[in-house]
Amino acid sequence: MGVYYDKILGSFIGAAAGDALGAITETYSIDKINAVYGGPVREFRKPPMDNNAQTNECGQVTDDFSIAYYLLQSIVANGEITRRAVEEALIEWYKPGVYYNKFAGATTKASIEALLGNPPKLMPGTVVVHTNRATNGASMKIFPCGLLHPGEVDRAIDDAVIACLPTHDNDIAISGAAAVAAAVSVAMTPHPTLKEVMQAGLYGAREGEKRGAEASRSIAGARVLRRMELAIELVMRAHSPEEALRELSEVLGSGLQISEAVPAAFGVLLIYGGDPMESLFGGVNIGNDTDSIATVVGAITGAWHGWEVYPEHYLPLLDKANRFDLRALARELEEVVLKNEPEKAMAGGRAPR
């Protein structure tokens, strides 16, 4: 295989596994996870009946990875990320109904309905509140932007802006998405360090907020960059990984808002030093929106360490449970990367300092 295949496939497996594992613990607190399962969840199983993914089977993903999967297929078909390609991916994701009917969040659902020609009917004088669109749906689907631009952080951020606009058109959501795309871009380079991946995330959050405001609108709300800095502070002053994870969950928050989920994901990376499995399990067991956080963590660490770090049963289980062919998609995406950036094929890149 080519120079990027291992990392691309690693990101696919990490993100899909994070989604499927996180679906088991979603909406639970750390204490409830430990009480229900007798400790942290570290293996695939069928989600419980009081969970959004209750009808899923073992290893099935939710909206978090599936939206990214359709975006990846659109990238392969179009050769690049354009607004039209993003919109086509959303509509294709909607058509089967499997994911849309079960998992579509309010922000994504309203955007897709508008794309289909069914915008919400508003009473005269109704004010559209954009602050409720700063959700982590922007970040869970965004890792393909980083995979497409190994080491080219600014290009990954620019594509993240494009990918967000149809559904999450505000500076806060785009800031969180850009943080993830930038970190994945650096993770795709030959030998990135934890410091470089974290710096890329911080740079992406800063630049994403600025470019997001220019491309869409600036809204009120907690800033992703400031929350990422808080996550780092909480982790650094904790006395153990368990304490650090609880601090992220209960002080920073690990919920639906992107200013919680993305900083929490980077906090998890810091707790476990970017270790692919321990970071993944940290995202799964942090509580609340665990599938979104673990998807982000898995996408970054999978690109960082490559697919062979995962247990042998992960890939066949994910493929079978979801009718995927992640190997084939990884080969196709690598062809796009090499075609678009032939001069980068044997060269790495680093986050701006």
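**Leucine 234 and its surroundings**

Leaving out neighbours within four places in sequence, leucine 234 is in contact with Glu247, Leu248, Val251 and Leu252. Please keep in mind that this is a predicted model.

- Helix H12 (residues 224-237) is where you will find leucine 234.
- Leucine 234 has a relative accessibility of 0%, so it counts as buried.
- Although leucine 234 and glutamate 247 are 13 residues apart along the chain, 6.5 Å separates their C-alpha atoms.

**Helices H3 and H4**

- Helix H3 (residues 63-78) packs with helix H4 (residues 83-94) at an angle of about 130°, and their axes are 8 Å apart.
- Because of that angle, H3 is oblique to H4.
- H3 and H4 make a right-handed crossing.
- On the H3 side, the residues making the contact include Asp63, Ile67, Tyr70 and Leu71, while those from H4 include Ala85, Val86 and Trp93.
- Sorted by class, this contact of H3 with H4 has seven nonpolar, three polar and three charged residues.

**The largest nonpolar core**

- The largest nonpolar core has 120 residues, and Phe12, Phe143, Phe266 and Tyr314 touch the most other members.
- The most residues in this core, 13, come from helix H10 (residues 171-187).
- Apart from neighbours within four places in sequence, tyrosine 314 is in contact with Ile13, Ala17, Leu21, Phe44, Met277, Leu280 and Phe281.
- As general background, nonpolar side chains tend to be buried together in soluble globular proteins.

Notes
Residues are numbered from 1 along each chain as its sequence is written. This is a predicted model: local features need pLDDT of at least 70, side-chain atom pairs count only at pLDDT 80 or more; totals for chains, interfaces and linings use all residues. Side-chain values use heavy atoms; hydrogens and water are left out. Axes are lines fitted to C-alpha atoms, for helices over the stretch in contact, and angles run from 0 to 180 degrees between N-to-C directions. Helices (H or I, at least four residues) and strands (E, at least two) are DSSP runs, numbered from the N terminus. Angles under 35 degrees count as roughly parallel, over 145 as roughly antiparallel, 65 to 115 as roughly perpendicular and the rest as oblique. A crossing is left-handed if the near helix is turned anticlockwise from the far one by less than a right angle, and right-handed if clockwise. Contact means heavy atoms within 4.5 Å. Ala, Val, Leu, Ile, Met, Phe, Trp, Tyr, Cys and Pro count as nonpolar, Asp, Glu, Lys and Arg as charged, and the others, Gly among them, as polar. A nonpolar core is a set of buried Ala, Val, Leu, Ile, Met, Phe, Trp, Tyr and Cys residues joined through side-chain atoms within 4.5 Å. Buried means under 20% relative accessible area, exposed over 50%, partly exposed in between (1.4 Å probe, protein chains only).
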